[in-house]
Amino acid sequence: MMSRITPCLWFNGQAEEAADFYVSLFPDSRVLSVSRYGDGAPFPAGTALVVEFQIAGQRFQALNGGPEYRFSEAVSMSIACKDGGEVDHFWNGLSGGGGEEGRCGWLKDRFGVSWQSSRWPGALMSDPEFPPAPGGRSRR
């Protein structure tokens, strides 16, 4: 059954770039459709208005809505990784190009979206490195 809930991410002109970036990092991912602004819109004609995309089988929408709203850590995307190599793949990909590394597997990508990449949930709690040492982070 297809999910009836689709997260919508609000961007300030970077919706299409962000969707393309996420699709490039995750398997089973693709851009599904792009609607574009016309003349007289808050962005130049031809700029993506809404990008419908799928990452790792989950549908998303990216909306170019303007500068009114910004992302915060109050909402994050959590990636359940099968092993440390997969954690590193997502960590390096999402934090690269201007992202910000955080603690305990948290980061912000270059668009400001918060992500968690870890072996989750049970594997993390049984990991001898969890919780991380003070001042450090566990990316497992």
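# Close-up views of a predicted model

**View 1. Leu32 has a relative accessibility of 27% and therefore counts as partly exposed.** Here buried means under 20% relative accessible area, exposed means over 50%, and partly exposed lies in between, as found with a 1.4 Å probe on protein chains only. The model is predicted, so that local features need a pLDDT of at least 70 and side-chain atom pairs count only at pLDDT 80 or more, while totals for chains, interfaces and linings use all residues. Residues are numbered from 1 along each chain as its sequence is written, and side-chain values use heavy atoms, with hydrogens and water left out. Leu32 sits in strand β2, where helices (H or I, at least four residues) and strands (E, at least two) are DSSP runs numbered from the N terminus. Apart from neighbours within four places in sequence, Leu32 is in contact (heavy atoms within 4.5 Å) with Glu52, Phe53, Gln54 and Arg59. Val51 is 19 residues away from Leu32 along the chain, and the C-alpha atoms of the two are separated by 7.6 Å.

**View 2. The protein chain contains three helices and eight strands.** Followed along the sequence, these elements come in the pattern β-α-β-β-β-β-α-β-β-β-α. Of the 140 residues in the protein chain, 35% are buried. Among the contacts in the protein chain with a separation of 6 or more, 56% are between residues 24 or more positions apart.

**View 3. Helices α1 (residues 15-25) and α2 (residues 84-95) have axes that come within 10 Å and cross at roughly 160°.** This angle makes α1 roughly antiparallel to α2. Angles under 35 degrees count as roughly parallel, over 145 as roughly antiparallel, 65 to 115 as roughly perpendicular, and the rest as oblique. The axes are lines fitted to C-alpha atoms, for helices over the stretch in contact, and the angles run from 0 to 180 degrees between N-to-C directions. The crossing of α1 and α2 is right-handed, a word used if the near helix is turned clockwise from the far one by less than a right angle, with left-handed used if it is turned anticlockwise. Where the two helices meet, Phe21, Tyr22 and Leu25 of α1 touch His89, Phe90, Gly93 and Leu94 of α2. Sorted by class, this contact of α1 with α2 has five nonpolar, two polar and no charged residues. In this sorting Ala, Val, Leu, Ile, Met, Phe, Trp, Tyr, Cys and Pro count as nonpolar, Asp, Glu, Lys and Arg as charged, and the others, Gly among them, as polar.

**View 4. The buried residues of helix α1 are Ala15, Ala18, Ala19, Phe21, Tyr22, Val23 and Leu25.** They pack against β1 (8-11), β2 (30-36), β3 (48-55), β4 (58-64), α2 and β8. Ala18 belongs to helix α1, and its relative accessible area of 0% is why Ala18 counts as buried. Leaving aside neighbours within four places in sequence, Ala18 is in contact with Phe11 and Phe111. Val51 lies 33 residues from Ala18 in sequence, with 9.5 Å between their C-alpha atoms.

**View 5. In helix α2, Val87, Phe90, Trp91, Gly93, Leu94 and Ser95 are buried.** The cover over these buried residues of α2 includes α1, β5 (76-80), β6 (100-101), β7 (106-108) and β8 (114-118). At 1.5 Å a residue, the 12 residues of α2 should span 16 Å, and this agrees with the end C-alpha atoms, which are 16 Å apart. The expected span of a helix is 1.5 Å times one less than its number of residues.

**View 6. Ser114 is placed in strand β8.** With a relative accessibility of 2%, Ser114 counts as buried. Not counting residues up to four places away in sequence, Ser114 touches Ser72, Glu73, Val75, Ser76, Met77, Leu107 and Lys108.

**View 7. Cys8 lies in strand β1.** Its relative accessible area is 44%, so Cys8 is partly exposed. Residues up to four places away in sequence not being counted, Cys8 touches Gln61 and Leu63. Cys8 and Phe60 are 52 residues apart in sequence, and in space they are 5.9 Å apart from C-alpha to C-alpha.

**View 8. Asp28 and Ala56 are shown in their loops.** Asp28, in the loop between α1 and β2, has a phi near 55°, a positive value in a residue other than glycine. With a relative accessible area of 54%, Asp28 is exposed. Ala56, in the loop between β3 and β4, has a positive phi near 50° and is likewise a residue other than glycine.
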